[in-house]
Amino acid sequence: FGQKAQALGREVRRGMIEPGNPELSIGKQCRMLSISRSTFYYTPKGEAALNLLLMRQIDEQFLETPFFGVRQMTWHLRNEGHLVNEKRIRRLMRLMSLMPIYQKPNTSKAAKGHKTYPYLLRGLRVDRPNQVWAADITYLPMQRGFLYLVAIMDWHTRKVLAWRISNTLEADFCVEALDEAIARFGPPEIMNTDQGSQFTSIAWTGRLRQSSVRTSMDGKGRFLDNICVERLWRSLKYECVYLHAWETGSEARAGVRKWMDFYNRKRPHSALGGKPPATVYWLTNKTIKPDQQEQRVA
């Protein structure tokens with residue numbers, strides 16, 4: 001039962017616990033569902049309104065200047081009239097999972113006990129669908145909070161194969177998106193990500209090994225190593241996210257779903273000669289047939 005439970009997302013397992021069960025204590029239910037008691041009792045703390053405003057401005061500025069580290073971002077916000085210090089901005093940028101470009105090697109490491117992998121795309125000619133996929137996480141500002149979005153993209157055609165939204169940075173929602181992409185399109189030859197703890201987790205790397213996928217990871221602070229997904233985030237935020245003030249997760253999912261469908265099926269892409277990503281994916285994919293009723297899940 002424990003192994004089956006681990007196949008479910010952490011939030012799903014958390015919701016299965018029955019505090020009033022007369023036969024099973026909360027501790028025993030947590031052990032059976034393979035989650036800690038602290039996970040069950042954890043209640044996310046909301047950010048103050050000013051911090052949410054700062055995070056929105058940090059996000060907008062980071063799209064323009066991805067080389068801004070904590071010091072430069074602090075100076076920028078001070079110039080905009082905000083009395084902030086580096087400690088505060090460092091915490092907010094970490095919360096947003098923002099990693100600036102570095103001009104020198106960075107010695108930061110992935111989560112303790114997690115293995116990192118070399119970057120495999122340097123000099124590689126990517127000329128067909130499912131040869132290389134890329135995945136990344138971005139921050140979504142809300143009217144009264146924020147969420148995280150992960151997307152998995154086919155590198156050659158820029159098609160978004162799967163995505164998920166979460167209110168935490170646990171690896172579960174990333175693995176769920178990966179499972180969906182593999183189930184619908186088959187595994188890629190190479191998966192490229194950054195060195196974030198979600199992508200160095202045993203759950204993520206184990207799923208790739210299970211599907212015989214080679215793992216590639218960007219160098220620390222190497223913004224351009226995953227440039228295709230970075231450009232996706234820029235388009236998504238300017239064309240969708242910043243135009244709305246979503247209040248609920250359901251509104252955010254509906255808004256992102258609508259834009260992703262537009263992006264894949266209708267939005268002309270400059271790198272594809274003006275054709276939409278989904279059109280190029282199916283025209284050039286010789287291994288599987290297009291699914292005329294592609295699922296729209298989040």
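Select Phe199 to begin: at 1% relative accessibility, Phe199 counts as buried (buried means under 20% relative accessible area with a 1.4 Å probe and protein chains only). The model is predicted, with local features requiring pLDDT of at least 70 and side-chain atom pairs pLDDT 80 or more, while totals for chains, interfaces and linings use all residues. Residues are numbered from 1 along each chain as its sequence is written, and side-chain values use heavy atoms, without hydrogens and water.

Phe199 and Trp204 form an edge-to-face aromatic pair, 4.9 Å centre to centre with 65° between the planes. Rings of Phe, Tyr and Trp (its six-membered ring) pair if their centres lie within 6.5 Å, and planes over 60 degrees apart count as edge-to-face. By this rule there are eight aromatic pairs.

Next, select Phe185 and Tyr281, an edge-to-face pair at 5.7 Å centre to centre and 80° between the planes. Phe185 lies in helix 8 (residues 172-185) and Tyr281 in helix 13 (residues 277-284), 96 residues apart; helices are DSSP runs (H or I, at least four residues) numbered from the N terminus. Both Phe185 and Tyr281 are buried. Then display Tyr139, Phe146 and Tyr148, which form one aromatic cluster.

Finally, select helix 5 (residues 49-64) and helix 6 (residues 70-79), whose axes come within 11 Å and cross at roughly 115°. The two helices are therefore roughly perpendicular to each other (65 to 115 degrees). Leu54, Gln57, Ile58, Gln61 and Phe62 in helix 5 meet Met73, His76 and Leu77 in helix 6, contact being heavy atoms within 4.5 Å.

Key:
Axes fitted to C-alpha atoms, helices over the stretch in contact; angles between N-to-C directions. Parallel < 35°, antiparallel > 145°, perpendicular 65-115°, else oblique. Phe/Tyr/Trp six-rings, centres within 6.5 Å; stacked < 30°, edge-to-face > 60°. Buried < 20%, exposed > 50% of the residue type's maximum accessible area, 1.4 Å probe, protein only.
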